[in-house]
Amino acid sequence: HEMSNAKYPDEQSSPEQAVNRILEGVQYGFKFGMGPDKFVFPVAHEALRGDAEKEDGNTVDFYEWGNDFFRCLMDKEESKIMGMDNMKQALEQAEKGENVVFFANHQSEADPQVVSILLERAGLAKDAEKFYYVAGHKVTTDPLAIPFSMGRNLICIHSKKHIDADPDTKGVKNRQNLSAMGGMLDRLRKGGCILWVAPSGGRDRRDLETGKTPMAPFDSKTLDMFRLMGSKSKKPTHYYPFAMVTYEVCPPPDFVEAGVGEKRNFRFTPVGINVGEEIPSEGGLEKRQQFNEKCYASAQVEYGKLRESLFPGTAPDLE
């Protein structure tokens, strides 16, 4: 925050406001992340925007609060939005009642807020509010993450990376996932649904040998499932690769941790998004390997372009 205030001196980036935001986040974490009032997410969660009548007395717009928390950590002059023609095409398709699925890499807990803030800068704030994020268990169970998640439209699932961590709860988690898929399919059948999903099932991790941050591989079964859901919706459904560079703003641990309560290190840094060209969903299941390979390869290319543009010399080698 000190670096943010030095570059963009205003009230929002002042040390006093920074402390207030952190303390407020901790307070929300205590109130909604633990104890008798802990917030329990349904499998399909609608963002809490402070409408007391509809939200059981809640007056906090958790969507804007989360955006404001991360806004001053983003170097707005150096941050980048690439692939805007593709983004606008996707949003126009959604406006016509067709579905859009963004297959994204995932780098930090701030990813949803980064998407919103950057689209806001591009004049697409209202579109950003419509996104549904497919969320793993950590963002709905970690006390500090819960308030940020309360401000997002979510489809809550258990990722394959963590579903086997506790054999005693595997059956429950699988049933919750089936229920979540049902909730997602309901929204896709209505049309005009915008989904952001990380098919890797987790965040990208730093390569300790090179110091670079490669994209985690996309899980083929996850890609298959979303393609199947699009087909079952009976609505035209479009698929786009969505590259994100947000690792530097809140780096994850170098190794995957099954539990919650990880340390957070926030930094003032540029961030970026890059939307690639639509990946046609042609043919049936026999074409799935071709579709899946193209999704990942295209996302890797767009990620490399974006990372080189933001931090020259840091793009990982393509596989």
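**Exercises: aromatic rings and a core**

Trp 65 and Phe 69 are four residues apart in helix 3, so about one helical turn separates them. Helices here are DSSP runs of H or I with at least four residues, numbered from the N terminus. This is a predicted model, in which local features need pLDDT of at least 70, side-chain atom pairs count only at pLDDT 80 or more, and totals for chains, interfaces and linings use all residues. Residues are numbered from 1 along each chain as its sequence is written, and side-chain values use heavy atoms, without hydrogens and water.

**Exercise 1.** Classify the ring pair of Tyr 28 and Trp 65.

*Solution.*
- Take the rule: rings of Phe, Tyr and Trp (its six-membered ring) pair if their centres lie within 6.5 Å; planes under 30 degrees apart are stacked, over 60 edge-to-face, the rest tilted.
- The centres of Tyr 28 and Trp 65 are 5.1 Å apart, with 80 degrees between the planes.
- The pair is edge-to-face.
- Tyr 28 lies in helix 2 (residues 15-33) and Trp 65 in helix 3 (residues 62-71), so the pair ties together parts 37 residues apart in sequence.

**Exercise 2.** Classify the ring pair of Trp 65 and Phe 69.

*Solution.*
- The ring centres of Trp 65 and Phe 69 are 6.0 Å apart.
- Their planes stand at 50 degrees, so the pair is tilted.

**Exercise 3.** Decide whether Trp 65 is buried or exposed.

*Solution.*
- Buried means under 20% relative accessible area, exposed over 50%, partly exposed in between (1.4 Å probe, protein chains only).
- Trp 65 has 9% relative accessibility, so Trp 65 counts as buried.
- Phe 69 is also at 9%, and counts as buried.

Definitions and conventions
Helices (H or I, at least four residues) and strands (E, at least two) are DSSP runs, numbered from the N terminus.
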